[in-house]
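Thanks for coming. I have one model to go through, and I will keep to what was computed from it.

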Amino acid sequence: MTIAGSLPSPPTGAEVLSGGPGGRRGRARRMLAPVLSAHGLQRWLLWAGIALVLLFVVLAIFAPLISPYGWNQYCAHLVRGACEGRFTRQGRPSGAHWFGTTVQAEDVLARVIYGARTAMEVVVLAVLFSTCVGIPLGLVSGYFGGTLDRVLVLIMDALFAFPYLLLAIVIAFVLQGGIGGGVLTAAVAIMAVYVPQYFRVVRNSVISVREENYVEAARTLGARPRTILGRYVFVNVIQTVPVVASLNAADAILTLAALSFLGVGVDPTAAAQWGYDVSRALSDAQAGYWWTGLYPGLAIILLVGGLTLLGEGLNDVYNPVLRRRGIRRVVLPARTWDDRAPQ
Amino acid sequence: MRQRGRMIRLIALGTGLAVVIAACGSGKKAPSTSASAKSGATASVVMGTTDRVVALDPAGSYDLGSWTPIYNIYQLLLKIPPGGNTPVPDAATCAWQNPSNPVVYMCTMKAGQKFSNGDPVTAQDAAYSFQRIVTIKASNGPSSLLSSMKSVTASGNTVTFTLTAPNAVWPYVLTTGAGALVDQKVFPADKLLPDSQVIGSGPYKLAKYVPNQLAEFLPNPNYGGDDKLSNKEFIIRYEQNADTLVSDVSSGAINVAYRDMSPTQIKSLQGKSGVQIVYGHGTEIRYLNFNYNVMPGSNTAQKSAIRQAIAYLINRQDIATNVYNNTVKPLYSMIPQGLAGHTDSFKQMYGASPNPAKAKAALQAAGVQTPLAITLWYNTNHYGEASADEYTEIQRQLGASGLFKVTLQSAEWSTYNVAITKDEYGIGQLGWFPDYPNADDYTAPFYIDCSAATPNFPNNHYCNPAMEKLIAQEEATTDQAKRNAIFAQIQTIAAQDPVYIPVWQGGQVAAVGSNVTGVPSTFDPSYTFRFWLIGKK
Amino acid sequence: MSSSTGSLRRYLVTRLALVIPMVLLLLTFVFGLMRVAPGNPIQAALGGHLSPAQLHVRMHAAGYDKPVVVQYGEYLRQVFTGNFGTTITDSRPVSQIITQNGAATLELTVAALFVALLVGVPLGMLAGRMRDSWVDVSARSFGIVVYAAPVFFLGFLARLVFSTYLGWLPSSSQASVLVQADLIPHSNILILDAMIDGKWGDLPDLVRHLTLPAITLGLLLAGVFVRLIRVNVIQTLRADYIEAARARGVRESRVVVRHAFRNALVPVITVVGLQVALLLSGAVLTEATFNWPGIGNELVFYLNSRDYTAVQGIITVFALVVVAVSLLIDIANAWIDPRIRYS
């Protein structure tokens with residue numbers, strides 16, 4: 001929300017890339033071209049973001065291979081259920097436990113690694129859900145306009161205006177009672193926050209694409225709305241999504257961390273979570289056990305920072321205004337209300 | 001030119017905003033009282049707590065957070081003396097009309113007791129106080145504590161309670177917050193009085209109250225009771241989380257940190273200069289609750305065997321040590337140590353340390369396939385954050401025997417306490433905080449469940465007519481030795497076929513500044529925090 | 001001239017007309033969510049101590065088994081008469097929560113906004129002006145790190161360093177106990193109250209308590225400002241009129257200060273407005289971390305105790321604040337930049 005909301009005017013991409021449908025490879029090359037041609041600082045930041053995100057993706061996927069212990073393991077060995085070599089509680093970082101151990105005698109490093117897995121699961125689901133709901137709604141609303149559009153815009157604006165965390169907290173509360181505190185609950189609670197953003201972005205691009213010559217042409221040739229939306233509008237609009245998605249993913253990680261910090265995220269007995277670990281560490285810190293909170297917190301910063309760099313980097317290279325060699329043109333300052341009405 | 005115009009408008013907007021903000025601030029101006037309240041620093045005590053006040057009107061509260069100030073603002077008919085566990089006179093002296101049939105209880109008011117506004121405390125006030133609790137029936141109020149009261153009348157300086165059935169523990173009910181005496185000229189008969197307006201005849205009066213932040217108590221100049229005050233100002237600071245208690249007590253910003261610090265937080269304060277940890281007797285308990293309808297096991301015998309096997313396997317000492325740093329004590333009966341009638345019945349039945357062989361034998365005898373998959377439920381926020389650690393420990397203990405495969409599930413309190421009474425959790429964590437320090441409060445609410453109209457509060461479908469008969473006997477007996485004998489029988493039955501497995505008994509813990517005195521004397525099973533005992537060296 | 005005022009008036013009317021359904025929508029949403037959420041205040045407070053039958057009697061007396069439609073009607077009537085009722089858990093008038101705890105939140109957010117502007121604006125300007133230099137890199141990294149760090153983790157570090165280890169600043173609450181006992185609440189904004197009564201001696205204590213929370217929350221926003229202002233400065237430096245000024249031979253420093261910086265600041269108003277939702281969300285977490293007696297902290301408590309009345313009241317106020325601020329911002333924008341009215 002923060003970044004997408006603060007960037008100047010409807011996010012990007014579409015203007016550069018609305019050249020009409022082309023071959024798949026051609027389109028891919030055109031999409032990637034700015035990434036490859038980015039240079040200097042921009043390139044460096046972009047690649048740093050990609051590297052960080054990849055690091056966490058690898059950690060998440062291969063957690064069982066990389067992690068020295070299980071996320072809730074408290075003994076060196078379990079021999080027929082008997083615990084041998086129980087870890088110390090709140091042990092300092094050492095050779096056996098690089099990041100120390102928690103109050104439940106679990107390995108902090110293992111929890112940080114598995115925490116990446118939980119974060120990825122939730123965020124991928126949340127982004128998937130919100131695109132699946134937000135994009136079709138935006139397409140339909142923007143293309144057909146009328147009463148439906150007005151009602152949807154009103155609902156989405158109401159949701160968008162609402163403090164996002166409160167929205168997520170309340171929904172998580174409700175769902176926890178209904179379907180329990182799993183990954184799904186957290187993902188749905190977070191989804192509700194981001195649907196309005198995809199809706200707005202997509203709807204705005206649809207409105208601008210709708211009047212393009214080639215869409216007009218297709219319409220006069222008698223193409224059905226479904227075909228037009230699917231074949232012409234969608235492919236153009238979809239190109240704005242990666243930037244928003246990576247920025248939203250960053251935000252979603254923060255939202256998940258906040259939810260689990262407040263105790264309404266994923267059930268702590270079901271998965272390792274960074275936010276939950278930081279909240280448990282608040283009381284550890286006063287006793288001098290700094291390691292239980294520091295590492296999960298740093299993990300959040302690195303992953304969110306990586307996703308932000310990636311998103312901003314993509315935004316930079318796709319946004320002609322910010323591109324170093326870009327065309328010189330004046331862009332109006334951010335507007336809040338007028339870009340919601342059909343133009 | 002247009003640029004400049006825009007800029008001017010921008011500035012105008014900003015200035016306008018500043019004016020509006022400033023205007024908001026300049027409300028009514030109070031006379032400057034720069035002489036601050038800091039002068040009496042030596043004798044003023046600040047206590048921090050995470051408890052919250054539900055209501056300061058006794059008719060509206062049924063929780064420790066509210067009862068703590070209530071015990072200090074109001075007088076009761078009877079009170080529990082520091083360190084004791086039997087009622088003694090406060091504003092009245094009381095006796096059964098006929099001790100062998102405890103149905104009519106009569107209290108005679110002491111002379112010379114006054115409310116802080118100067119009104120005398122009369123028997124009429126006392127009867128009025130009890131009557132209005134029942135009339136108002138506030139949703140968070142203590143009316144259910146008075147459910148055995150048929151009527152209350154006042155004549156002259158005597159209050160007479162007539163009960164619906166013999167109830168030897170009635171004097172204990174009078175020592176709870178529900179027994180606080182209010183002024184009938186001040187408190188409305190049919191609704192609650194706002195917190196900031198409450199007055200009483202206790203040692204203190206409420207001087208300033210900012211809900212959930214601060215309550216300031218000053219001595220009640222009209223107090224006619226016998227308690228001597230060791231301070232001349234007592235302030236409660238309400239904190240949102242216990243971390244703050246820890247940092248504030250270390251920095252000296254508060255003198256007493258009371259409820260509710262986690263084991264880690266208490267440990268972090270041990271050995272800190274300027275801070276001492278005070279331990280006291282407590283009667284809060286935690287236990288496992290089994291729902292007869294939905295717990296695992298295909299018949300009564302199997303279910304019984306499963307409960308016994310768990311009782312054999314739980315290592316209470318490990319829980320106390322590994323999870324709670326020994327701030328709690330292993331509990332071997334639903335009646336905690338320190339109350340008359342307690343016996344270690346679970347220790348006698350199942351041994352002090354785990355016995356996997358006997359657990360296995362019990363399961364095999366009933367034909368239970370092992371390892372048996374079971375789900376343990378616990379609550380994430382109501383019983384302290386260490387609950388997660390405690391249940392992880394229990395999971396490990398049961399799993400280590402190879403007899404059980406334990407899955408942990410948790411829910412936050414609002415969901416949890418509804419679900420547990422609706423047959424959703426087969427085995428789950430519960431806790432009990434006493435209303436008054438008497439063994440009856442640890443048995444009657446738990447083991448009376450045979451009538452469908454009044455199930456026990458976890459609604460776990462336990463029914464044992466022998467148990468109900470014993471409890472009725474105990475309630476009709478005023479002789480303590482006889483009651484103890486009955487409680488011994490109750491506890492034996494409770495251990496033989498456990499519907500609850502007691503786990504631990506909490507102690508009271510406070511971290512206090514090294515110059516603070518009196519906290520150990522107020523720690524007793526009644527959980528009455530007596531402000532007047534707290535002073536400074 | 002008259003047409004200009006006319007268009008402004010027309011804009012305001014349409015804009016205001018949209019506010020009512022939006023507020024109504026939010027209210028309905030909140031109401032619905034709270035009713036779907038499991039549990040109720042009586043059960044939350046006394047469940048586990050009273051038998052189901054006793055609980056049921058109390059819930060019936062409190063009217064929780066009334067039809068939802070009836071409860072909804074009562075709720076709306078309360079909101080529109082400005083009477084938010086009394087909380088069920090601790091019998092406080094909701095209006096008292098709003099004025100008392102709301103004032104604490106206001107104090108915190110205004111201070112945080114101040115910090116954010118103080119840090120964010122100069123950094124953003126420098127970064128935009130000295131694009132791709134080390135200043136730019138550090139400013140951007142700063143922006144990304146403070147954005148990526150969860151508020152509660154920053155708070156955790158700040159408390160650890162400045163309070164636990166260094167002991168310079170208090171780590172919790174709004175004032176020392178004795179100071180608070182001394183102050184007479186007029187506005188409930190303690191700093192203001194101290195000034196009103198001329199209790200200057202209390203001010204240092206209040207400011208010291210405010211410092212860590214305000215900086216923590218302020219940094220979160222500062223990150224947003226840095227990024228936004230940097231982009232704006234870059235864009236304005238490319239604008240035609242800047243080119244024109246340069247071509248006229250105006251000195252570069254003058255171009256930058258007079259034209260670019262000024263214009264880059266205009267959208268900040270909009271962004272401040274957009275960030276109110278973020279600020280309020282951040283405030284919930286900051287308040288939880290620093291034990292600040294704000295309205296967000298209360299909200300989390302009342303959510304846990306399922307206090308419908310309190311939660312609805314608080315969220316309604318949040319929604320009204322957000323809507324009112326966005327309305328004000330839009331009006332201000334329409335006034336400053338007439339182009340907006342015609343879209």
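I will start with conventions, then take chain A and its helix pairs, then chain C, and finish with chain B.

This is a predicted model, in which local features need pLDDT of at least 70, side-chain atom pairs count only at pLDDT 80 or more, and totals for chains, interfaces and linings use all residues. Residues are numbered from 1 along each chain as its sequence is written, and chains are lettered from A and ligands numbered from 1 in the order in which they are written.

Confidence in chain A, then. The average pLDDT of chain A is 75, and 76% of its residues score at least 70; pLDDT is the predictor's confidence in each residue, from 0 to 100. Residues 1–22 of chain A have pLDDT below 50, and this stretch has 68 contacts in the model beyond near neighbours in sequence. A contact here is a pair of residues whose C-beta atoms, placed from the backbone, lie within 7 Å. Residues 323–343 of chain A also stay under 50, with 43 contacts beyond four places in sequence.

Chain A has 14 helices and 2 strands. Those are DSSP runs numbered from the N terminus, with helices being H or I of at least four residues and strands E of at least two. Of the 343 residues of chain A, 59% count as buried. Buried means 20 or more other C-beta atoms within 10 Å of the residue's own, exposed means 12 or fewer, and partly exposed is in between, with C-beta atoms placed from the backbone. Of the contacts in chain A between residues at least 6 apart in sequence, 72% join residues at least 24 apart.

Now the helix pairs. How do H10(A) and H11(A) pack, and at what angle? Helix H10 of chain A, residues 213–220, and helix H11 of chain A, residues 225–237, have axes 10 Å apart and an angle of about 160°. That makes H10(A) roughly antiparallel to H11(A). Axes are lines fitted to C-alpha atoms, for helices over the stretch in contact, and angles run from 0 to 180 degrees between N-to-C directions. Under 35 degrees counts as roughly parallel, over 145 as roughly antiparallel, 65 to 115 as roughly perpendicular and the rest as oblique.

The crossing of H10(A) with H11(A) is right-handed. A crossing is right-handed if the near helix is turned clockwise from the far one by less than a right angle, and left-handed if anticlockwise. On the H10(A) side the residues are A:Tyr214, A:Val215, A:Ala218 and A:Arg219, and they meet A:Ile228, A:Tyr232 and A:Val233 in H11(A). By class, that contact has 6 nonpolar residues, no polar and 1 charged. For the classes, Ala, Val, Leu, Ile, Met, Phe, Trp, Tyr, Cys and Pro count as nonpolar, Asp, Glu, Lys and Arg as charged, and the others, Gly among them, as polar.

H11(A) also packs with helix H9 of chain A, residues 183–210, at about 125° with axes 9 Å apart. H9(A) and H11(A) are therefore oblique to each other, and the crossing is right-handed. Residues meeting across this pair include A:Val202 and A:Val206 in H9(A), and A:Val233 and A:Asn236 in H11(A). The contact of H9(A) with H11(A) divides into 5 nonpolar, 2 polar and 1 charged residues.

Briefly, chain C. It has 15 helices and 0 strands, and 55% of its 343 residues count as buried. Its C-alpha atoms fill a box of roughly 85 × 60 × 40 Å along the principal axes.

Last, chain B. Its contact with chain A takes 24 residues from chain B and 19 residues from chain A. The largest share of the chain B side, 6 residues, comes from H11(B). By class, that side has 5 nonpolar, 13 polar and 6 charged residues.

Within chain B, is B:Leu181 buried or exposed? B:Leu181 is buried, with 29 other C-beta atoms within 10 Å. B:Leu181 sits in the loop between helix H4 (170–174) and strand S8 (204–210) of chain B. Beyond four places in sequence, its contacts include B:Tyr74, B:Leu76, B:Val121 and B:Ser201.

Methods. Contact = placed C-beta atoms within 7 Å.
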